[in-house]
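Here are my notes for a first look at this model. Please keep the structure open while reading them.

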Amino acid sequence: MECQKCGRKIKSRYIIKIASYSAHDGLDVNLLDLGKDIKKEIKKLVKIASKKSEKQLLEDIYTLDEFWLCKECRDGFIKQIRSSFRYGGKH
Ligand SMILES: [Zn+2]
């Protein structure tokens, strides 16, 4: 198994998951519920969707990316992410 950033072999991988979703009313899904409720919510929205393709619509309201990193790249990644937000966050 190789790190997806630096390509080196990794013994113990770190999994980075980036979920982004619209916090619009009715789709304020708790991260813990992701996977369980999100499909239902998306299907609901797809039903009332306009001309956009299903894929486009899904991207509009929900994205999920997953990366496998070595510890070094993970540390760098987290540091970079945290420093890129100037105005703090919820946590
Ligand atoms: Zn790496």
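1. Start with Arg13. In this predicted model, Arg13 counts as partly exposed because 16 C-beta neighbours lie inside 10 Å. A residue needs 20 or more to be buried, and 12 or fewer to be exposed.

2. Where does Arg13 sit? Arg13 is found in the segment before β1, the strand that covers 14–21. Leave aside residues up to four places away in sequence. Arg13 then touches Met1, Trp68 and Leu69. Arg13 and Cys3 are 10 residues apart along the chain, and 7.5 Å separates their C-alpha atoms.

3. Compare Lys11. Lys11, too, is found in the segment before β1. Is Lys11 buried or exposed? Lys11 is exposed, because 7 other C-beta atoms lie within 10 Å. The cut-off for exposed is 12 or fewer.

4. Lys11 and Cys70 are 59 residues apart in sequence. From C-alpha to C-alpha, Lys11 and Cys70 are 8.0 Å apart in space.

5. Next, the strand itself. β1 has eight residues, and the count of buried ones is zero. β1 is hardly covered. The protein as a whole has 91 residues, of which 4% count as buried.

6. What does β1 pair with? Strand β2, residues 62–69, is joined to β1 by eight bridges. The two strands run antiparallel.

7. Now the overall layout. How many helices and strands are there? The protein has three helices and two strands. Along the sequence, the pattern reads β-α-α-β-α.

8. Look at the contacts across the chain. Take those between residues at least 6 apart in sequence. Of these contacts, 60% join residues at least 24 apart.

9. Last, confidence. The protein averages a pLDDT of 80, and 73% of the residues score at least 70. Which elements mark the two ends of the range? Helix α1, residues 38–47, has the lowest mean pLDDT among the elements, at 70. Helix α3, residues 71–83, has the highest, at 94.

Key. Residues numbered from 1 in each chain as written. Predicted model: local features only at pLDDT ≥ 70, side-chain atom pairs only at ≥ 80, totals over all residues. Helix = DSSP H or I, 4+ residues; strand = E, 2+ residues; numbered from the N terminus. Contact = placed C-beta atoms within 7 Å. pLDDT = per-residue confidence, 0-100. Pairing = 2+ DSSP bridges.
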